[in-house]
Amino acid sequence: MAKTARQAMAKQPAKPATRQAILDMLKLDGPSEAADLSAKQGISTMAVRQHLYALQEEGFVRYTESPRPVGRPAKIWALTESADRFFPDAHAELTAGLLGAMRATFGEEGLQKLIAERTSQQIRSYADLVDREDSVKGKLKVLAGIRDAEGYMASVEETEDGAFLLVENHCPICVAAQACSRLCDGELTVFRAVLGPHVAVERADHLLAGARRCAYRVTPRK
């Protein structure tokens, strides 16, 4: 029977944290070269490559080659879907099953009422904390902190034109969202309500549409 990455790591005490850190960086930063991972991790490029090849054998990472003007093509490493097991899933399979049961029992209208109630609860819960900040940036940082604690690996980025990106590098309810896309619509509704009428919030990246993350562009209104 093939060993899992966790089992392989368990036999090498110095490696589990390093490999998880590499997985985390690929999740946060997207496809990367071994040299970039090496610089951020503070270990040699050769050591990073060894971890990457081990993770590749387990099916958790893969690479594509990018041509360079001189020398060999660069290997660009990225996570596979199998790597999702190393990040929170919020009992996604159970949630998806419950959503299906709700739809079968109460129909589409009943399911939409459930999602609307969940959206209202999120708005109230988030607003209690976000409303304590006056600036758009402050509100976004609080919101990102809430989402990060919920497993979304969230952060805030400033853009050159004065807007912001609320970035979510992981979706702990991805399986449930695939079963019911209205969950994603509800999250956009939550962000718009919580951040208020002084900003415009638009989805910039969507994991379910094939992007590696979800991101929301937040633009202050003049």
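**Exercise 1. Overall description of the chain**

What percentage of the contacts in the protein chain with a separation of 6 or more is accounted for by residues 24 or more positions apart? Describe the composition, extent and surface of the chain as well.

*Solution.* The model under study is a predicted one.

Step 1. Residues 24 or more positions apart account for 49% of the contacts with a separation of 6 or more.

Step 2. The protein chain contains eight helices and six strands. Along the sequence these elements follow the pattern α-α-α-α-β-β-α-α-β-β-α-α-β-β.

Step 3. Taken along the principal axes, the box filled by the C-alpha atoms is roughly 55 × 45 × 35 Å.

Step 4. Of the 222 residues in the protein chain, 40% are buried. The chain exposes about 12500 Å², with carbon and sulfur atoms supplying 53% of that area.

**Exercise 2. The four-stranded sheet**

Determine the strand order of the open sheet of four strands, and explain why one side of β3 and of β5 is left without a neighbour in the sheet.

*Solution.* 

Step 1. The order of the open sheet is β3-β4-β6-β5, and its pairing is antiparallel.

Step 2. β3 (154-158) and β5 (199-205) stand at the edges; because each has a single partner strand, one side of each lacks a neighbour in the sheet.

Step 3. On average, neighbouring strands of this sheet are turned by 25° against each other, direction ignored.

Step 4. β5 pairs with β6 (residues 214-220) in the antiparallel sense over six bridges. Within this pair of strands, alanine 200 stands opposite threonine 219 in β6.

Step 5. Helix α6 (residues 136-152) packs on the sheet and touches β3, β4 (164-168), β5 and β6, its direction making about 150° with that of β3. Helix α8 (residues 182-195) also packs on the sheet, touching β4, β5 and β6, and its direction makes about 150° with that of β5.

**Exercise 3. The strands β1 and β2**

In which sense do β1 and β2 pair, and over how many bridges?

*Solution.* 

Step 1. Strand β1 (residues 61-66) pairs with β2 in the antiparallel sense, over six bridges. The bridge partner of threonine 64 is isoleucine 76 in β2.

**Exercise 4. Methionine 153 and histidine 170**

Where is methionine 153 placed, and is this residue buried or exposed? Carry out the corresponding analysis for histidine 170 and identify its contacts.

*Solution.* 

Step 1. Methionine 153 lies in the loop between α6 and β3.

Step 2. Its phi is positive, about 50°, although the residue is not a glycine. Most residues other than glycine have a negative phi.

Step 3. The relative accessible area of methionine 153 is 14%; buried means under 20%, so this residue is buried.

Step 4. Histidine 170 is located in the loop between β4 and α7 (174-179). With a relative accessible area of 5%, histidine 170 is buried too.

Step 5. When neighbours within four places in sequence are left aside, histidine 170 is in contact with Lys27, Phe87, Pro88, Gly151, Tyr152 and Met153.

Step 6. Histidine 170 and aspartate 84 are 86 residues apart along the chain, and their C-alpha atoms are separated by 8.7 Å.

**Exercise 5. Glutamate 93**

Which helix holds glutamate 93, and how far apart in space are glutamate 93 and glycine 138, C-alpha to C-alpha?

*Solution.* 

Step 1. Glutamate 93 is in helix α5 (residues 92-130).

Step 2. Its relative accessibility is 60%; exposed means over 50%, so glutamate 93 counts as exposed.

Step 3. Glutamate 93 and glycine 138, 45 residues apart in sequence, are 34 Å apart in space, C-alpha to C-alpha.

Methods: Residues numbered from 1 in each chain as written. Predicted model: local features only at pLDDT ≥ 70, side-chain atom pairs only at ≥ 80, totals over all residues. Heavy atoms only, no water. Pairing = 2+ DSSP bridges. Helix = DSSP H or I, 4+ residues; strand = E, 2+ residues; numbered from the N terminus. Axes fitted to C-alpha atoms, helices over the stretch in contact; angles between N-to-C directions. Contact = heavy atoms within 4.5 Å. Buried < 20%, exposed > 50% of the residue type's maximum accessible area, 1.4 Å probe, protein only. Areas by Shrake-Rupley, 256 points an atom, 1.4 Å probe, with all protein chains shown as cover.
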